Amino acid sequence: MSEAARQMGWVFGQAVIRDPTGLHARPAVKLTKLAKTFGAVVEVRAGGDGGWINAKSPNAVMKLKAGHGVPLEIRAEGEDAGTAVAALAALVDANFEG
Amino acid sequence: MAEALIRALIAAANQAVAAHRDELSGLDRAIGDGDHGHNMARGFGAIAEAADEIAALPFGKALQKAGMTLVMKVGGASGPLYGTLLMAMGKTGDEAPGTVADAAAALEAGIAAVKQRGKSDVGAKTMLDVLAPVAEALRAAPPDPRAAARAAADEGLAATRDMRATKGRAAFLGERSVGHLDPGARSSALLVHAVCDVLEKQ
Amino acid sequence: MSDNVSIVIVSHSRDVAKGAADMVRQMVGEEVRVAFTGGNADGGLGTDVAAIIAAIESVYTAKGVAVLVDLGGAETNSEMAIEMLGDGRGDNVVICNAPVVEGAVMAATEAAGGASLAEVRATAEDFQS
């Protein structure tokens with residue numbers, strides 16, 4: 001993690017999209033719902049390029065083009081940031097089961 | 001007596017709609033979903049069934065009750081529109097309109113409410129294209145109000161043929177709605193004639 | 001469990017309304033209450049004001065109710081239904097300007113997080129396929 005990012009207090013994580021269809025509607029909804037349970041600011045980014053988008057916004061996550069095999073980067077800032085990142089990464093790793 | 005008038009109006013409206021049920025649905029099949037006649041028959045049939053209850057009310061309240069019956073029973077998009085028309089007209093006063101000017105005012109109140117409910121206006125190929133000309137004709141204080149109302153209704157209806165629909169299901173047809181009479185305008189014209197026929201006999 | 005905005009789906013088709021409600025329940029879960037209505041009094045295609053009122057009342061909460069509709073008549077009949085709720089309840093019910101299925105899913109997703117009625121409606125109306 002860069003010095004600048006550490007100073008800002010962001011927690012980072014990442015997980016690879018495993019579903020052959022990529023991040024489609026049903027997992028997108030699950031991701032958003034989970035993100036909303038945390039007080040931290042939670043953002044995701046797909047494939048390393050493009051801007052970070054609000055993981056709590058159903059529309060933003062729905063529009064994210066994250067295909068099969070793409071690493072989904074996660075970052076969070078706030079009191080439960082660490083838990084948030086871990087939880088989202090775990091969800092993606094579990095291919096959105098449960 | 002208001003009661004006799006109300007009963008006569010209910011019977012005439014119900015009969016007019018029932019007699020033209022297939023024609024109305026046919027017009028609706030051309031530019032809508034084909035159920036206008038069926039829906040109107042259901043709604044006015046329900047009013048006829050409640051005639052005893054409705055006729056016992058003061059005229060304005062009777063119109064409101066009839067309007068609410070249409071809202072609940074017609075279904076489709078015309079239920080709220082015709083229901084709103086009658087309810088707004090009924091709210092202008094408990095007594096039946098005593099003069100042509102009063103009738104024009106009641107109809108104008110109904111038209112304003114329909115415009116708001118349907119988010120529409122004249123020229124959009126709807127029932128308003130019959131009702132508004134009828135109200136205007138009455139406002140002009142014609143020597144023969146019934147003849148003027150009938151003529152305005154018929155001309156208004158005919159004018160809808162060349163209009164392009166921008167409201168309701170017909171709007172999806174765009175240019176293809178041109179060349180067809182609007183079913184809501186047709187049913188409005190039928191009702192105007194029915195009312196005029198009743199008033200003639202009073 | 002704190003209260004969430006609830007969802008009402010109104011379609012000309014009962015199958016579409018039920019299907020949309022099934023999708024919402026499956027994708028979003030049980031914490032958002034969903035009611036649906038479709039078809040006219042004869043069981044044909046259309047909408048019925050009395051049925052819409054009943055649907056809204058079955059999931060009504062002062063937190064808010066977001067209504068999703070398909071074509072024109074569904075919207076006009078829903079507007080009438082809302083006006084007829086009485087006791088000021090209509091103030092807490094809004095019709096969302098969004099496609100009926102997608103809007104319902106997005107609205108329910110937003111609602112599940114405890115969002116306000118205004119936020120739920122904005123999310124539904126922001127949807128672009």
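Select chains A and C first: eight residues of chain A are in contact with 11 residues of chain C, two residues being in contact if their C-beta atoms, placed from the backbone, lie within 7 Å. On the side of chain A that touches chain C, the elements that give two or more residues are α2 (25-36) and α3 (58-63) of chain A. Helices (H or I, at least four residues) and strands (E, at least two) are DSSP runs, numbered from the N terminus. The most comes from α2(A), with five residues. Colour this side by class to find two nonpolar, two polar and four charged residues. Here Ala, Val, Leu, Ile, Met, Phe, Trp, Tyr, Cys and Pro count as nonpolar, Asp, Glu, Lys and Arg as charged, and the others, Gly among them, as polar.

This is a predicted model, in which local features need pLDDT of at least 70, side-chain atom pairs count only at pLDDT 80 or more, and totals for chains, interfaces and linings use all residues. Residues are numbered from 1 along each chain as its sequence is written, while chains are lettered from A and ligands numbered from 1 in the order in which they are written. The predictor gives the complex an ipTM of 0.84 and a pTM of 0.89.

Chain A has four helices and four strands, and from the N terminus on its elements run α-β-α-β-β-α-β-α.

Now select chains A and B. These chains do not touch, and their nearest C-alpha atoms are 28 Å apart.

Move to chains B and C, the pair with the most contacts among the two pairs of chains that touch. Here 13 residues of chain B are in contact with 13 residues of chain C. Select α5 (59-73), α6 (78-91) and α7 (100-118) of chain B, the elements that give two or more residues to the side touching chain C. That side of chain B has four nonpolar, five polar and four charged residues.

Select residues 14-28 (α1) and 100-112 (α4) of chain C. Which residues of α1(C) meet α4(C)? They are C:Ala20, C:Met23, C:Val24, C:Met27 and C:Val28, and their partners in α4(C) include C:Val101, C:Ala104 and C:Ala108.
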